[in-house]
Amino acid sequence: MKNDQVSTKRDQLLDAAARLFEREGFHAVGIDRVVKEAGVARMTLYNHFAGKHELIEAVLEHRDGVVRERFSTALERAAGDPRGQLLGVFDYLADWFATPGFAGCIFVKAAGEFTDGHESIREAAGAHKRRVAESLAELAREAGANDPDELACELQLVIEGATAQAQMTNCRAATNGHANGHANGNGAAPTRAEVETVLARARVIAELLIDRSLAGR
């Protein structure tokens, strides 16, 4: 029972920190904000993590597992053939983009904020992107792509672009909400119609890339 409680406290801290870092960035959020959001004592955080940088590394590791599990589930739910599974990533993106408080990719933010030093944080962010690319390359290989690794890189560029576009749509929604006195502290998620527009364009590009790579196999 005691170990379960310890795990729960740690998970609370990781979930709270992830929400804050995703929404506000890493440098803008201090330890006090994290413990308050998690509803635990400050000493509890230091019982699990030596400091903020270690907490950030743990958050990225935790989020990597969560994201890749959801990613895999979405692909498994997609059409049974590898081509359909490659396109199934857009089902995952649709759910993610429409999540209240959606604020873009936490791994991209980590790489952007920690440009000098703190190589372990940048490595954790980069490792996640490499694992996603490896998953896409494996599916591309099963689908018979001419160059699975190249197709995976191309699809990852489409995914990153769609994510950035959805994030900018969310920023506009939150800004407009503030101007009209309607936005809450978490901002407003993009509407389903806005998300579908971004994803429809990204999916068209992805289909062209996939079909080109499969041509002549």
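This is a predicted model: local features need pLDDT of at least 70, side-chain atom pairs count only at pLDDT 80 or more; totals for chains, interfaces and linings use all residues.
Reader: At what angle do helix α7 and helix α8 pack?
Author: Helix α7 covers residues 106–113, and helix α8 covers residues 119–143. Their axes sit 9 Å apart, and the crossing is left-handed. The packing angle comes out at about 145°.

Reader: Which residues of α8 make the contact with α7?
Author: From the α7 side, Phe107, Val108, Ala110 and Ala111 take part. By class, the contact has six nonpolar, one polar and two charged residues. The α8 side brings in Ile121, Arg122, Ala125, His128 and Lys129.

Reader: Is glutamate 57 buried, partly exposed or exposed?
Author: Glutamate 57 sits in helix α4. Buried would need under 20% relative accessible area, and exposed would need over 50%. Glutamate 57 has 29% relative accessibility, so it counts as partly exposed.

Reader: How far apart in space are glutamate 57 and serine 120?
Author: Leaving aside residues up to four places away in sequence, glutamate 57 touches Ser120 and Ile121. Along the chain, glutamate 57 and serine 120 are 63 residues apart. In space, C-alpha to C-alpha, the distance is 7.3 Å.

Reader: Which element gives the largest share of the lining of the largest pocket?
Author: The largest pocket has a volume of about 510 Å³, and 22 residues line it. The elements giving two or more residues to that lining are α1 (2–24), α4 (52–77) and α6 (89–97). With seven residues, the largest share comes from α4.

Reader: Which residues lie nearest the centre of the largest pocket, and how many lining residues are charged?
Author: Nearest the centre are Glu22, Arg63, Arg70, Trp96 and Thr99. By class, the lining of the largest pocket has nine nonpolar and five polar residues, and the charged ones number eight.

How values were computed: Residues are numbered from 1 along each chain as its sequence is written. Side-chain values use heavy atoms; hydrogens and water are left out. Axes are lines fitted to C-alpha atoms, for helices over the stretch in contact, and angles run from 0 to 180 degrees between N-to-C directions. Helices (H or I, at least four residues) and strands (E, at least two) are DSSP runs, numbered from the N terminus. A crossing is left-handed if the near helix is turned anticlockwise from the far one by less than a right angle, and right-handed if clockwise. Contact means heavy atoms within 4.5 Å. Ala, Val, Leu, Ile, Met, Phe, Trp, Tyr, Cys and Pro count as nonpolar, Asp, Glu, Lys and Arg as charged, and the others, Gly among them, as polar. On a 1 Å grid over the protein atoms alone, a cavity is a set of points where a 1.4 Å probe fits but cannot get out, and a pocket is an open set with protein on both sides within 12 Å along at least five of seven lines; lining residues have an atom within 4 Å of a point. Grid points are joined across faces, edges and corners, and a volume is the space filled by probe spheres set on the points. Buried means under 20% relative accessible area, exposed over 50%, partly exposed in between (1.4 Å probe, protein chains only).
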